[in-house]
Amino acid sequence: MDSTRESAADLLGDRIRHARVALGLSQEAIAGLAGMHVTNYGKIERGTANPSLLTIVRIAVVLGTDVAALTQDITREHLPEDVRVLSAHDFLAERRRRARRGKT
């Protein structure tokens, strides 16, 4: 991955932090409202945690936004280099290609 591009976790954390700061609230306040420990919340903002979908939804609700706004345009290009994900479309195309090659 290009080192100038942010990771998915960094992007999510930046968006959450921006929303929190825009509200003028502390990490402690948001964490408390979301029912989580401030240490874990801080890790999410710093991009060092991998929150569950439920946690992301809780944070989005507290921030008055939705998950889509927090995750918009985060794609496979934002995954860590050691995470290889093949889309279902690519998998099916490769399977068809191999099937055709086997018939010739």
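Me: Which residues are linked with Asp14 in a network of salt bridges?
Reply: This is a predicted model, in which local features need pLDDT of at least 70, side-chain atom pairs count only at pLDDT 80 or more, and totals for chains, interfaces and linings use all residues. Residues are numbered from 1 along each chain as its sequence is written, and side-chain values use heavy atoms, with hydrogens and water left out. A salt bridge here is a side-chain nitrogen of Lys or Arg within 4 Å of a carboxyl oxygen of Asp or Glu. The network links Asp14 with Arg17, Arg20 and Glu45.

Me: How far apart in sequence are the parts that Glu45 and Arg20 tie together?
Reply: The closest N and O atoms of the Glu45 and Arg20 salt bridge are 2.5 Å apart. Helices are DSSP runs (H or I, at least four residues), numbered from the N terminus. Glu45 lies in helix α3 (residues 38-46) and Arg20 in helix α1 (residues 8-23), so the parts tied together are 25 residues apart in sequence.

Me: Is Glu45 buried or exposed?
Reply: Buried means under 20% relative accessible area, exposed over 50%, and partly exposed in between (1.4 Å probe, protein chains only). The relative accessible area of Glu45 is 1%, so Glu45 is buried.

Me: Where does Asp90, the salt-bridge partner of Arg76, lie?
Reply: The side chains of Arg76 and Asp90 meet at 3.3 Å, N to O. Arg76 lies in the loop between α5 (67-71) and α6 (88-103), whereas Asp90 lies in helix α6.

Me: How many salt bridges does the structure hold?
Reply: Arg97 and Glu94 form one of them, at 2.5 Å, N to O. The structure's count of salt bridges is six.

Technical notes: Helices (H or I, at least four residues) and strands (E, at least two) are DSSP runs, numbered from the N terminus.
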